[in-house]
Amino acid sequence: TSLFTEKKSFKVSFNSFLPGSKWRNIEKLNLIGQQNDPSLIRSKLCHDAFRAAGVAAARTAYVNLYINDEYRGIYLNTEHIDENFASDYFDGQGNGNLYKCSYPANLEYLG
């Protein structure tokens, strides 16, 4: 959805070229531009509310993003949902089922 917007979202992967590499025990950063939310707070509030209610939800934090010393704006750094997330919040092993919806999803039963 951000293809034609000025403020792009970014996914930074620390293990693309060196498998198993992490930064502060994190494999990926999801830097969300929040181009559809001028207040920059809706996603953060939702994640925080879910976590406060005891529901497994991504950790979030605001960041000032600079690329090659060029300021790109305020972004929402959102925890990547993967086997590490599943291990931390569920079975402790990270080997259960993890589903991702493809856009556009119509939830049609396929059999």
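Modeller: Before we get going, two strands pair if DSSP finds at least two bridges between them. Keep in mind that this is a predicted model.

Colleague: Fine. What makes β1 and β2 a pair, then?

Modeller: Four bridges join β1 to β2, residues 28–32. The cut-off is at least two bridges, so they count as paired. The two strands run antiparallel, and Val12 stands opposite Leu29 in β2.

Colleague: And how do the four strands line up in the sheet?

Modeller: The order is β1-β2-β4-β3, the sheet is open, and the pairing is antiparallel.

Colleague: Why are β1 and β3 called edge strands?

Modeller: Each of them pairs on one side only. That goes for β1 at 10–13 and for β3 at 60–67. Neighbouring strands of the sheet are turned by 35° against each other on average, direction ignored.

Colleague: What packs on the sheet?

Modeller: Helix α1, residues 42–52, does, touching β3 and β4 (70–78). The direction of α1 makes about 145° with that of β3.

Colleague: On to charges. How do you know that Asp37 and Arg42 form a salt bridge?

Modeller: Their closest N and O atoms are 3.6 Å apart. The limit is within 4 Å, so the pair qualifies. A search of the whole structure finds three salt bridges, and this is one of them.

Colleague: What makes Lys44 and Asp48 a salt bridge?

Modeller: Their side chains meet at 3.2 Å, N to O, so they pass the 4 Å limit. Both lie in helix α1, four residues apart, about one turn of the helix. Lys44, at 17%, is under the 20% mark and therefore buried, while Asp48, at 31%, falls in between and is partly exposed.

Colleague: Why do you say that Glu79 and Arg59 tie together separate parts of the sequence?

Modeller: The closest N and O atoms of Glu79 and Arg59 are 3.1 Å apart, and they form a salt bridge. Glu79 sits in the loop between β4 and α2 (83–89) and Arg59 in the loop between α1 and β3, so the pair links parts that are 20 residues apart in sequence.

Colleague: Buried or exposed, what is Glu79?

Modeller: Buried: Glu79 has 14%, which is under 20%.

How values were computed:
Residues are numbered from 1 along each chain as its sequence is written. This is a predicted model: local features need pLDDT of at least 70, side-chain atom pairs count only at pLDDT 80 or more; totals for chains, interfaces and linings use all residues. Side-chain values use heavy atoms; hydrogens and water are left out. Axes are lines fitted to C-alpha atoms, for helices over the stretch in contact, and angles run from 0 to 180 degrees between N-to-C directions. Contact means heavy atoms within 4.5 Å. Buried means under 20% relative accessible area, exposed over 50%, partly exposed in between (1.4 Å probe, protein chains only).
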